Amino acid sequence: MEALYVEQHGCTHVTTRESMEDQVCPRCKTTKYRNPSLKLLVNVCGHALCESCVDLLFIKGSGSCPQCQIPLRRNNFRIQLFEDSYVEKEVDIRRRILKDFNKSEDDFPDLREYNDYLEEVETIIFNLANNIDVDETKRRIEQYKRDNKDQIARNRVRPSQEDLELEEILINEKELHELRSQEFVKEEKKEKLRKMREKEALIDDLMFSEGDAKQILAMHSIKPAAKEVQQRTETRKPATQFSTGIAIGHKGSFVPPPKVSEALLYSYVPPKVTLCGPDVPEPERLSSDGYLKHVRQADDASMASGFRTDYACYRALQEAFIGLFFFNRSDPLEMDTS
Amino acid sequence: MRKWEEEIAAEAMGQRLNVEGLLVYFPYDYIYPEQYSYMVELKRALDAKGHCLLEMPSGTGKTVSLLSLIVAYIKTNPTDLTKLIYCSRTVPEIEKALEELRKLVEFYAQETGENPNIIGLALSSRKNLCIHPEVSKERDGKVVDGRCHSMTASYVRAKQKDDENIALCSFYEDWDGHGKEIMLPYGIYNLDDLKEYGRKKGWCPYFVARKAISYASIVVYSYHYLLDPKIAELVSKEMSRSSVVVFDEAHNIDNVCIDSMSVNITRRLLDKCQNCIQVLERTINNIKETDSVRLREEYQRLVEGLRGASIAREADVLLANPVFPDEILQEAVPGNIRNAEHFMVFIKRFVEYLKMRLRVQHVVQESPAGFLKDCAQRVCIERKPLRFCAERLASLLRTLEIADLSDFSPLTLISHFATLVSTYTKGFSLIIEPYDEKTPTVLNPILHFSCMDASIAIKPVFDRFQSVVITSGTLSPLDMYPKILDFHPVIMSSFTMTLARQCILPMIVARGNDQVAISSRFETRDDIAVIRNYGNLLVDIVSVVPDGVVCFFTSYLYMEQVVASWYDQEIIQSIQKRKLLFIETQDAAETSLALLNYIKARNMRCSITLGKVSEGVDFDHHLGRAVIMMGIPYVYTQSRILRARLEYLRDQFQIRENDFLTFDAMRHAAQCVGRVLRGKTDYGIMVFADKRFARVDKKGKLPRWIQEHLKDSMCNLSTEEAVQICKRWLRQMAQPFTREDQLGVSLLTLEQLQSEEQQKRIQQRAQQA
C-alpha cells in the first residue's frame, strides 16, 4: 500500500512537471513550471514569445521576430492557442483568406466545380503558409477579389447552410435541456408532497380509525407499490417550431436568402424544321398557285372557331413532303446537304 | 464437460424429437423439459423470421438445444435458412460450442448413416490462428496483426517480386496460390483443427477461415466480428440475409455495443498522432520525389469519387470504416482534403485543435453539434471534410503502401473519431475530464466520446439478418432489452428450471443479529455496525457451509475498505480459522493466480473468493456452495458518462434513471449468484445481503428461476435465521440424489416427453413474457 502510494505520488510529480514544461518561451527559456503566470503570445508568423520578452523586444511598437526575422507589429500579438507554430500561422492565414473566399456549395452548378474551388482555396492557403510563390498567389487573391466583389459582400452577411443546421440543433438541445430540468424540479416537488401526504394519512388513520394497527400499516405499505405502477404521463414538449420547420421567435433564418438568378433572359428563337424532303411552297403562294382549290373550303361556322383553309392546306402539304428523302442513316443532317 | 452432460450422457444414444413438426436430432438420451420448450419457442421465432429474446437458466443446456434445433432447421428448410452465426464472448466459450456441435454432427452421422454435409468453424483473431513460426510467438494481438499485415499486403508482395530481401509468409503465399478456391472439407473445425488443417496443407489458417465463413453453414466467433463496425465491415459484410444470428451470454450486449462505438482520447494518444503525422509527411515527400505517379493516381481517383474500386483485395486489411452513412460511399471526397499534402495539414490542424481542447481545468460536456461549431470557429474545419476523414486516411495509407498499419492506429482512431462526431448529432456526447476519477490531483485530461445509444451499433445486425436470437441465463427484466436495443422481438420468453428437489436457496438477509439493517446504501455503508454485521454474516455462513463460499462486493473500493475494518474487528481471523481466504485484486494476473489457487484449494473445501469475478468463471459444485452478495452492485452513478447515458435513455426511450440503474444492478447481481449453479445435480445457497433487495422493484427484476424459489418468508431474515435455514437445507441436500429421482420430473426420456400430460405441462410452462 505504502509503495503504491509513493509510486503514484512520484508519478504525479512527473506528469505535472512534464505538462508544464510543454510551454516554454523560446527566447528566455522560462517555463510554465517556473513561472506559473507565463503567457505565450504569437504574431502572424506563428512563433511564440512570452509576455515579458514581447515587452522587451517591441518596446518601440515594432520589431522583428527573433526566430524568422519577419517584421512584426506589437499590437498584432495575441495569445497562443496551438502548440505548433505552423498550425498557428496557418489558421491565421486561413481565417483571413476564408473571409474573402466565402462561396458555398449553392453558388456552384455542381459538386465537382465546388470541390475544384475548395481545392484552389486550399492551395492558396498552403502556398501562403509554406512561402511558395507568395507573390503569384497574392496576385491571384487580388484577382479573385476584384472578380467576385459583389458575391463576397453578399456571402459575408449570409450564414452558411451548415452553420444554420448546427445552430438549430444546438437551440433544440438547449430547449430540451431546460424543459427537462423544469420537469425534474416539478417531479421532485410532487414526490415530496406525495410522501408527506402519505405520512400524514397514515398517522391520521392510526389515530382515528378503529381497525387493527397492523392492518392499517399493511394497507399503507401496499399503496405506494400500487402507485408506482401508475402510468407516468409524458409531458409533451411545447411547440418550438412552425410546421414549416422555422423556429418560433428565431430571427436568423426566417426568410430564406433570396436566390440570385444569374441565367440569361429568355429570348425567342424560331424553331428550325428539317423536313428531309422537297421544300414546301411558302404560305403566301398557296392561294396564288391554286393549292387551296383542292381542300375543303372553310364555312362560316368553322371560321368563327378559328379554322382557316390555308392552315389546313399548308399542313397537309408539309405532311405529304416530310421524310420523302429519308434514308436509314444515322445522321439526318447529312441527308439535308445531299 | 459440463455438469448437466455428465448426468444425461451416460450412454449417449440420443433421440429424435418432434418439435412442432420439425424432426430434431438431439444427441442425448434424456432431455430437460425446459430444453424442449426452448426449442419450441426458438422454432416459432425462426418460422416467423423475426428476432427473439430467450432467457434460460445457466447449466440447463442452452447451447445444445439451440444448435440441434437450428441445424435441424437448416437441414429441413435449406431455402429459408442457410446459415447460423453464433456469437460468444470468449475463446473457451467458442470452443465449448464447437465441441457441442461436433457431438451433434457425429450423432447425425450415426443416425442417418451418412455424413451431414455441414461445415462449422470458429474464427478468431490472427493471434489465435497464426502458424507462422516466428509471428505466432508474439504475445500481443496487435503486434501479430501488424507483422502479418507486413508480410501479406498486396503491395508488399508486389514489391517482393523486385526485391528478394523482403520476407513473405509462405503460408499465405501457398494459400493464395492454391488454396483460395478450394473449399474446406465438410466437418467441424475448432481453432486447433484449423491450425492442424493449415499445417497439413501449408496454408494460413486465418485466411482459410476468413474465406470459409462465407460458405460455411455454421460460424462461431466473437461478438466483435458483428458489432464492432470496424471489424464487421471486413469480416461479416457478405453474410447472406437468410442467416440466424445468435448472441449467447448476451446480458451485457448493450455495453459491448456502446464500447465498440466509443472513443477515448488522451494527451499521449495525440502525441503519438503527432509522430504518425511526421512519418506520413516524410513518406509523402519521398514518394513525391521518387514516384509521384502513385499520388497523382490516387488524386485522380478521389476527384472522380470512385471509391472502392481499389479495395476488395482481401489482404489489404485496413483498420478503418466505422458505420458510414450511405451518402459518403457515393459522394466524392471534398476538394479541400483531396490533395495528400492538404489532407496532412488538415489532420494536423485537427490534432492541434484536440490538444487545445484537452487543456482544460474543469469538466466540459458538449454535444457533437457544439463540438462541430467550436471546431469550425477555431480552426475552420467544417463538418463535411471531417466526415470523410476516416475514408481519406484509409485511402492515403493504402496509396503510401504502409505495410504495418498498427503503427498508425492512433491516427486511425482520431480519424474515426472525426467521422463519428460529424456523422451523428444524436446518441453521442463529448465529455472532457481534466482529472482521472481515481487520482483527482493529477492532471490527466481525457476526452470521452461516448456512445449512449446501444442501438446504433446493433442496428445493422437487426436490419441485415432475418432472425437474431439474444439469449442468456440472466436477461431479466426481458422488456428492457428491446427498449435499449430498439428492436421488436417476435418472441420473448423466460424459462424456469424444473427441479426434482429445491436445489437453490435464495435468501434476503436484511438485518444483523443486533437488528441493525444491513445495506450498502451510500449513507450507511461506512457505518461500523453495518460492516460488522456483514462480517458476522460471513463468519456464520462460513461456519455452516462445508464447501467453497464466494462473496461478491459492489466495488473494489468498498471491498478494500470493508476488509480493512474486518482486520481491526478480528473478523478475518475468525474466517481464517475455517477457510482459506483469497482476495481478488484489480490486477488481472494476480486475480487469475488467486483463482487458480482457489480451485486447487477446493480439495480442502475451504476457501472464499472476494471480488468481481462474476463474468466467465463458474463456481460449480464444491467450488461454490454459497454465494453472498454484499450490497446491491449499483454502478458508480457520479460518472459523467453514465449520467449522460441515463439522460439520453430517459429522453429517447422513456426509461427512468432509477429503472435503468436498478436493472443494471440486478442483472449484475443475478449474474454473480448465477455462478453457483451449473446444473441440476448442483446445489447452492444465494444470500442477498441488503435490505433493499426485498423491495418489489428489485426483487421483481431477478430472473424468474430465482424468483420462484424466493418465498416471502425468506425476504426479511436476520443473520441468525438465515444460518438456521442454511443448516436445515444443507442437511437435506446432502442426501444421495440419483438420476431416477429426476426422471419424469426434470429429466425426460423420449417416451415421457411425448406423453400427453407432459406436453401439456410444457405448454403451460412456456409462459410468454
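**Figure 1. Salt bridges across the model.** Over all chains, the count comes to 58 salt bridges. The rule asks for a side-chain nitrogen of Lys or Arg within 4 Å of a carboxyl oxygen of Asp or Glu. This is a predicted model: local features need pLDDT of at least 70, side-chain atom pairs count only at pLDDT 80 or more, and totals for chains, interfaces and linings use all residues. Residues are numbered from 1 along each chain as its sequence is written, chains are lettered from A and ligands numbered from 1 in the order in which they are written, and side-chain values use heavy atoms, with hydrogens and water left out.

**Figure 2. A salt bridge within chain A.** Glu122(A) and Arg94(A) meet through their side chains in a salt bridge, 3.0 Å from N to O. The two residues are 28 apart and link distant parts of the chain. Glu122(A) sits in helix α4 (residues 111–130) of chain A, and Arg94(A) in helix α3 of chain A. Helices (H or I, at least four residues) and strands (E, at least two) are DSSP runs, numbered from the N terminus.

**Figure 3. The interface of chain A and chain B.** Here 38 residues of chain A are in contact with 45 residues of chain B. Contact means heavy atoms within 4.5 Å. About 3900 Å² is buried between the two chains, and carbon and sulfur atoms give 54% of this area. Buried area is the accessible area (1.4 Å probe) that two parts lose on being put together, summed over both. Across this interface the rule finds 11 salt bridges. Arg383(B) forms a salt bridge with Glu165(A), and their closest N and O atoms are 3.5 Å apart.

**Figure 4. Helix α3 of chain A against helix α17 of chain B.** Helix α3(A) (residues 85–100) packs on α17(B) (residues 340–358) at about 105°, with the axes 10 Å apart. Axes are lines fitted to C-alpha atoms, for helices over the stretch in contact, and angles run from 0 to 180 degrees between N-to-C directions. The angle makes α3(A) roughly perpendicular to α17(B). Angles under 35 degrees count as roughly parallel, over 145 as roughly antiparallel, 65 to 115 as roughly perpendicular and the rest as oblique. From α3(A), the contact uses Tyr86(A), Val87(A), Glu90(A), Val91(A) and Arg94(A). From α17(B) come Val345(B), Lys348(B), Arg349(B) and Glu352(B). By class, this contact has four nonpolar, no polar and five charged residues. Ala, Val, Leu, Ile, Met, Phe, Trp, Tyr, Cys and Pro count as nonpolar, Asp, Glu, Lys and Arg as charged, and the others, Gly among them, as polar.

**Figure 5. The four-stranded sheet of chain B.** This open sheet has the order β9-β12-β11-β10, with antiparallel pairing. Two strands pair if DSSP finds at least two bridges between them. At the edges stand β9 (263–266) and β10 (364–366) of chain B, each with a single partner strand, so one side of each has no neighbour in the sheet. The twist averages 15° from one strand to the next. Three bridges pair β10(B) with β11(B) (residues 428–435) in the antiparallel sense. Ile431(B) in β11(B) is the bridge partner of Gln365(B). Helix α21(B) (residues 409–423) lies across β9, β11 and β12 (443–451) of chain B, and runs at about 125° to β9(B).

**Figure 6. The eight-stranded sheet of chain B.** This open sheet runs β6-β5-β7-β4-β8-β13-β3-β14, with parallel pairing. Its edge strands, β6 (187–189) and β14 (489–494) of chain B, each pair on one side only. The twist averages 10° from one strand to the next. Strands β4 (residues 83–88) and β8 (residues 243–247) of chain B run parallel, joined by five bridges. Leu84(B) has Val244(B) in β8(B) as its bridge partner.
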